[in-house]
Amino acid sequence: MNKVAKEIGGWALSLGMAFAIALLIGIFGIQPTKVLGHSMDPTLADNQRIYVSKLSHTLGREPDYGDIVIIDSRVQRERTLKDDILEHPFFTLLSGEIDDNLYVKRVIGKAGDTLEFKNNKVYRNGEPLEEPYVNGVMSYQSAETVIVPGGHVFVMGDNRNNSKDSRDIGPVPLDHVLGIKIN
């Protein structure tokens, strides 16, 4: 009987360690996520599964222009380690809830950039952006100029006429950029 208990204990310890390592990888390394909605059409489709490198979030690295990122849209609240843990796919699967606060968007502006929305285009620092990935002509216009604050990025969906993004929620703090899509 003692030999059986040792064997079971050994297996339980191995499975527990494997589970812990999988959690750590998902929280701090690489995590699968699903695109919800059509805001990234035609680049990414509704319900498409993508993989996100969370190393930029873990190490505090700023994403580059054009990177597709996953963000926490609740930009008015502080993020904690608890948020990172509870957003792990294992815990969202257990809860059965879809986290509609996580958006998949593209980085358009970084700290210090001046953004304008005119002539059906986005202008960054006075220059119109070349955006072959955009779905159709953007109908959004604004007389307001946005200056991206330090420690933030400005994100937009590729389907500009059907996207809730920084035009609605404001610039996104870097700690709310949870990862960068792996190509």
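Residues 24 or more positions apart account for 67% of the contacts in the chain with a separation of 6 or more, where a contact means heavy atoms within 4.5 Å. This is a predicted model, in which local features need pLDDT of at least 70, side-chain atom pairs count only at pLDDT 80 or more, and totals for chains, interfaces and linings use all residues. Residues are numbered from 1 along each chain as its sequence is written, and side-chain values use heavy atoms, with hydrogens and water left out.

**The chain as a whole**

- The chain has five helices and eleven strands; helices (H or I, at least four residues) and strands (E, at least two) are DSSP runs, numbered from the N terminus.
- Along the principal axes, the C-alpha atoms fill a box of roughly 80 × 30 × 25 Å.
- Of the 183 residues, 39% count as buried, where buried means under 20% relative accessible area, exposed over 50%, and partly exposed in between (1.4 Å probe, protein chains only).
- There are 20 positive and 24 negative side chains, and the centres of the two sets lie 5 Å apart. Here Lys and Arg count as positive and Asp and Glu as negative, while His and the chain ends are not counted; the place of a charge is taken as NZ of Lys, CZ of Arg, CG of Asp or CD of Glu.

- Leu178 sits in strand 11 (residues 177-181) and is buried, with a relative accessible area of 3%.
- Leu178 and Leu55 are 123 residues apart in sequence, yet 8.8 Å apart in space, C-alpha to C-alpha.
- Leaving aside neighbours within four places in sequence, Leu178 has contacts that include Ser53, Ile70, Arg79 and Leu102.
- Tyr123 belongs to strand 6 (residues 121-124) and is buried at a relative accessible area of 13%.
- The side chain of Tyr123 makes a polar contact with the side chain of Asn119 (3.3 Å). Such a contact is a pair of N or O atoms within 3.5 Å; within protein, one must be able to donate a hydrogen and the other to accept it, and residues adjacent in sequence count only if both atoms are side-chain atoms.

**Salt bridges**

- Side chains of opposite charge can pair when their charged atoms come close.
- A salt bridge is a side-chain nitrogen of Lys or Arg within 4 Å of a carboxyl oxygen of Asp or Glu, and by this rule the count comes to 13.
- Asp158 and Arg106 meet in one of these salt bridges (2.8 Å, N to O). Asp158 lies in the loop between strand 9 (152-156) and helix 5 (166-169) and Arg106 in strand 4 (residues 102-110), so the pair ties together parts that are 52 residues apart in sequence.
- Asp158 is buried at 0% relative accessibility, and Arg106 is buried at 8%.
- Salt bridges with shared partners join Asp72, Arg74, Arg77, Arg79, Asp83, Asp84 and Glu87 into one network.
- Within this group, Arg79 pairs with Asp84, their closest N and O atoms being 2.5 Å apart, and both residues are buried.

**Acidic residues in loops**

- Asp67 is placed in the loop between helix 2 (55-59) and strand 3 (68-72).
- Asp67 is buried yet has no salt bridge, and the nearest side chain of opposite charge, Arg61, is 4.1 Å away.
- A polar atom of the Asp67 side chain lies 2.8 Å from the backbone nitrogen of Asp64.
- Glu131 is in the loop between strand 7 (127-128) and strand 8 (142-147), and a polar contact of 2.8 Å joins the side chains of Glu131 and Arg160.
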